[in-house]
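Welcome! Keep the model open beside you and try each task before reading on.

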Amino acid sequence: MLPTFKKAVQATLSNWPALQFAVQQQAGGPQSSAIAEWMVGVTEQYFYDNEDLEAEEVADYLATIMDQELNTMVEDESDLEVGQCLCRFYRLCMEGSDAQVLDDLSKIPTGSKLSFRVQDLCEEEEESDKPPQLVDRLGALQLAEAPPRPEPEPRTAEQLRDEAEGWTMVQRRKHK
């Protein structure tokens with residue numbers, strides 16, 4: 001077991017907007033918070049049980065948990081960013097570079113997120129060809145009070161069917 005890696009998993013998952021949203025909305029029922037805490041341990045163990053994990057494998061694992069345990073489908077590719085971040089942290093911990101991991105973790109904002117939304121200040125980064133690292137993006141995020149919600153867009157028949165079946169869709173936000 002790597003104590004620094006456990007901290008990295010905890011910090012990364014607790015700052016993952018898709019997971020925050022699922023917990024806030026109790027997508028997995030009243031035990032959604034407990035499921036999120038459980039995810040930290042099983043995700044950490046997943047790395048110990050599997051050699052040479054790729055970010056895509058971790059993303060698939062996290063997406064499966066989100067789907068099966070929290071009834072949430074992640075479609076914004078944030079699961080891949082989380083997978084990349086966790087693979088990097090694991091590699092650094094295995095190399096003994098705990099100080100680098102702790103330094104990266106110190107850049108992640110902390111605090112209550114329940115009545116706030118995450119506002120990205122670096123929209124130009126998202127337009128580049130290279131996907132930004134989650135740690136880099138989290139360091140450039142600012143918490144802002146959530147503005148009044150606009151009227152929802154009309155839903156398609158597919159969205160209505162998914163909602164009737166108990167699914168919660170997390171979609172990429174359109175930037176203006």
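## Exercise 1: Aromatic rings

Phe5, Phe47, Tyr48 and Tyr90 form one aromatic cluster. The model is a predicted one, in which local features need pLDDT of at least 70 and side-chain atom pairs count only at pLDDT 80 or more, while totals for chains, interfaces and linings use all residues. Residues are numbered from 1 along each chain as its sequence is written, and side-chain values use heavy atoms, with hydrogens and water left out.

**Task.** Find how many aromatic pairs the structure holds, then describe the pair of Tyr46 and Tyr61 and the pair of Phe47 and Tyr90.

**Solution.** 

Step 1. Start with the rule: rings of Phe, Tyr and Trp (its six-membered ring) pair if their centres lie within 6.5 Å; planes under 30 degrees apart count as stacked, over 60 as edge-to-face and the rest as tilted. A pair of aromatic rings is described by the distance of the centres and the angle of the planes.

Step 2. The structure holds 6 aromatic pairs. One of them joins Tyr46 and Tyr61, which are stacked, at 3.9 Å centre to centre with 5° between the planes. This pair links distant parts of the chain, 15 residues apart: Tyr46 sits in helix α3 (residues 32-49) and Tyr61 in helix α4 (residues 55-70). Helices (H or I, at least four residues) and strands (E, at least two) are DSSP runs, numbered from the N terminus.

Step 3. Now check accessibility, where buried means under 20% relative accessible area, exposed over 50%, and partly exposed in between (1.4 Å probe, protein chains only). Tyr46 is buried at 18% relative accessibility, whereas Tyr61 is partly exposed at 23%.

Step 4. Turn to Phe47 and Tyr90: their ring centres are 5.1 Å apart and their planes at 40°, so this pair is tilted. Phe47 lies in helix α3 and Tyr90 in helix α5 (residues 78-94), so the pair ties together parts that are 43 residues apart in sequence. Both Phe47 and Tyr90 are buried.

## Exercise 2: Charged partners

**Task.** Work out how many salt bridges the structure has, and say which parts the pair of Asp104 and Arg88 ties together.

**Solution.** 

Step 1. Side chains of opposite charge can pair when their charged atoms come close. Here a salt bridge is a side-chain nitrogen of Lys or Arg within 4 Å of a carboxyl oxygen of Asp or Glu. The count by this rule is 4 salt bridges.

Step 2. Among them, Asp104 and Arg88 meet through their side chains at 2.6 Å, N to O. Asp104 belongs to helix α6 (residues 98-106) and Arg88 to helix α5, so the pair ties together parts that are 16 residues apart in sequence. Asp104 is buried, with a relative accessible area of 5%, while Arg88 is partly exposed at 25%.

Step 3. Arg91 and Glu95 also form a salt bridge (3.6 Å, N to O), and Arg91 is partly exposed at 42% relative accessibility. The side chains of Asp103 and Lys107 meet in a salt bridge too (3.6 Å, N to O). Asp103 is partly exposed at 35%, and Lys107 is partly exposed at 47%.

## Exercise 3: A glutamine and an aspartate

**Task.** Is Gln20 buried or exposed, and which side chain does Asp76 contact?

**Solution.** 

Step 1. Gln20 lies in helix α2 (residues 17-24) and counts as buried, at 17% relative accessibility. The buried residues of α2 are Ala18, Leu19, Gln20, Ala22 and Val23. A polar atom of the Gln20 side chain lies 3.1 Å from the backbone oxygen of Ser14.

Step 2. Just after α2, Gln26 takes a positive phi of about 50°.

Step 3. Asp76 is in the loop between β1 (72-74) and α5, and is buried at 16% relative accessibility. Its side chain makes a polar contact (a pair of N or O atoms within 3.5 Å; within protein, one must be able to donate a hydrogen and the other to accept it, and residues adjacent in sequence count only if both atoms are side-chain atoms) with the side chain of Ser78, at 2.7 Å.

## Exercise 4: Cysteines

**Task.** How many disulfides are there, and which cysteine sulfur is nearest to that of Cys87?

**Solution.** 

Step 1. A disulfide is a pair of cysteine sulfur atoms within 2.5 Å, and by this rule the count is 0 disulfides.

Step 2. For Cys87, the nearest cysteine sulfur is that of Cys85, 9.5 Å away. Cys87 is buried, with a relative accessible area of 15%.
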